[in-house]
Amino acid sequence: MASRFLIFFFFFLAVSSAQTNAFNGEQKVFDVRNYGARGDGKSNKYNALAFTKAWNKACQWSGGRSTVYIPRGIFFLDQIKFTGPCKSHITFKITGTLLAPLSLYGNVQAEWISFEYVDNLTVTGGGVLDGQGSHSWPLNDCYKNHNCRPLAMNMGFTFVRYSRIDGLRSINSKMGHFNLYSVENFNISGVTITAPGDSPNTDGIKIGRSKDMNIFNVTIGTGDDCIAILDGTTNLDISNIRCGPGHGISVGSLGRNKDEKNVKGLTVRNSVFNGTTNGLRIKTWAKSVSQTLVSKFLYENIQMINVGNPIVIDQQYCPNHQCDTSGNYNSHVQIKDVKYNNIWGTSATQAALMLQCSKTFPCQDVELSNIHLVYKGRGGSATAMCENVGGSVRGKIVPGDCRI
């Protein structure tokens, strides 16, 4: 009797387990080597085809979660696009190194590797994206030529939701490293981004028209902005960032183009800037053609180490002599409700605190609280400049000659 009961009990467990697995779906792995990919570091036009086949199979897998697996090795990869929608959660797991072509432009596709129209995507694995940018950087003249031919960024995400990047390394991008446009509910964590400090336009993370994002525990050292936040971005939380070298965390530039969208709800906290040209910067075009709003920003618990300009609002932004006469234009971008709290450290220049707002649309509700920035070089102590700024001051402010 007891033996019959045990047999029935184990049979019941087996059936229940099978039903549970059928309900939740099994994890299915699609190894790119099984589709012809080779990780020998050699130029190989077939790798892109193999990656595409593996992605398509994984994306259409209806038995549950799927993983595209790139094992250890060096996989040369031509420009490629991975498109959804997919039938379930999908992981793109890179444990090896992906190697970009030496010459690659972004005319047709802005990025070397692109994901579009995918939900529930995870890109992870601890692997490396090597953009091989040193070959292309001398060709980049975009800083002076507005009709330049753009180089490809390392990896892009467009119309991607409920997704994340975790534990990757991106090195030597030709231009930006990660480009995110119109993404929602997107997390970036455990990522390391590296390019020389003099490499042109190599933004670490570039974000536009996106919402509900978290970026945390990321190390970025580049030749441009560590994080660049463009128009239409809302509800972005940035924390535990190590930024430097680079140009800091920048909002903008804004106001240059028609039909730009507002930027609302930015938090930057618990981060360190080391040797960057700027720290926390908001920049809007003096000669702006769109009237937009920048609001509800909080910068909190930030350490500056030898940063060129730690705190900047620049509403007279007009690089490369694109305005007829400096100071003759007033930005139409309204900045309001911006809080700077507990920001300390050293400035590499005397200009530690510069808030230069628009005469036509003065900054509103700017709050400075517990700021302590010192300059240890020649020529005197750190200075502050505040123009067309309304708001309040709380606690001790160093430098203290800013009247708002």
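I first traced an open sheet of 11 strands, in which the pairing is parallel and the order is β4-β7-β10-β13-β16-β18-β20-β22-β24-β26-β28. Its edge strands, β4 (80-83) and β28 (383-387), each pair on one side only. The twist averages 15 degrees from one strand to the next. Axes are lines fitted to C-alpha atoms, for helices over the stretch in contact, with angles from 0 to 180 degrees between N-to-C directions.

I note that this is a predicted model, in which local features need pLDDT of at least 70 and side-chain atom pairs count only at pLDDT 80 or more, while totals for chains, interfaces and linings use all residues. Residues are numbered from 1 along each chain as its sequence is written, and side-chain values use heavy atoms, with hydrogens and water left out.

**Strand pairs and a helix**

I looked up β20 (residues 249-254) and β22 (residues 278-285), which run parallel and are joined by 4 bridges. Here Ser250 stands opposite Arg281 in β22. I then turned to β19 (residues 234-243), which pairs with β21 (residues 263-274) in the parallel sense over 7 bridges; Leu236 stands opposite Leu266 in β21. β21 also pairs with β23 (residues 293-307), in the parallel sense over 10 bridges, and Asn274 stands opposite Ile305 in β23.

I found helix α2 (residues 46-59) lying across β4 and β7 (111-116), at about 5 degrees to β4.

**Ile207**

I located Ile207 in strand β16 (residues 205-208). Ile207 counts as buried because its relative accessible area is 0%; buried means under 20%, exposed over 50%, and partly exposed in between (1.4 Å probe, protein chains only). Leaving aside residues up to four places away in sequence, Ile207 touches several residues, including Leu180, Met213, Ile229, Thr233 and Leu236; contact means heavy atoms within 4.5 Å. The C-alpha atoms of Ile207 and Thr233 are 7.1 Å apart, although 26 residues separate them along the chain.

**Salt bridges**

A search of the whole structure gave me 11 salt bridges, each a side-chain nitrogen of Lys or Arg within 4 Å of a carboxyl oxygen of Asp or Glu. In one of them, the side chains of Asp31 and Arg33 meet at 2.7 Å, N to O. Asp31 is buried, with a relative accessible area of 9%, whereas Arg33 is partly exposed at 47%.

I also examined Arg161 and Asp119, whose closest N and O atoms are 2.7 Å apart in a salt bridge. This pair links distant parts of the chain: Arg161 is in strand β11, Asp119 is in the loop between β7 and β8 (121-124), and they are 42 residues apart. Arg161 is partly exposed at 33% relative accessible area, and Asp119 is partly exposed at 25%.

Lys339 and Asp337 meet through their side chains in a salt bridge of 2.9 Å, N to O. Lys339 is partly exposed, with a relative accessible area of 31%. I recorded Lys296, Asp337 and Lys339 as linked in a network of salt bridges.

Definitions and conventions
Pairing = 2+ DSSP bridges. Helix = DSSP H or I, 4+ residues; strand = E, 2+ residues; numbered from the N terminus.
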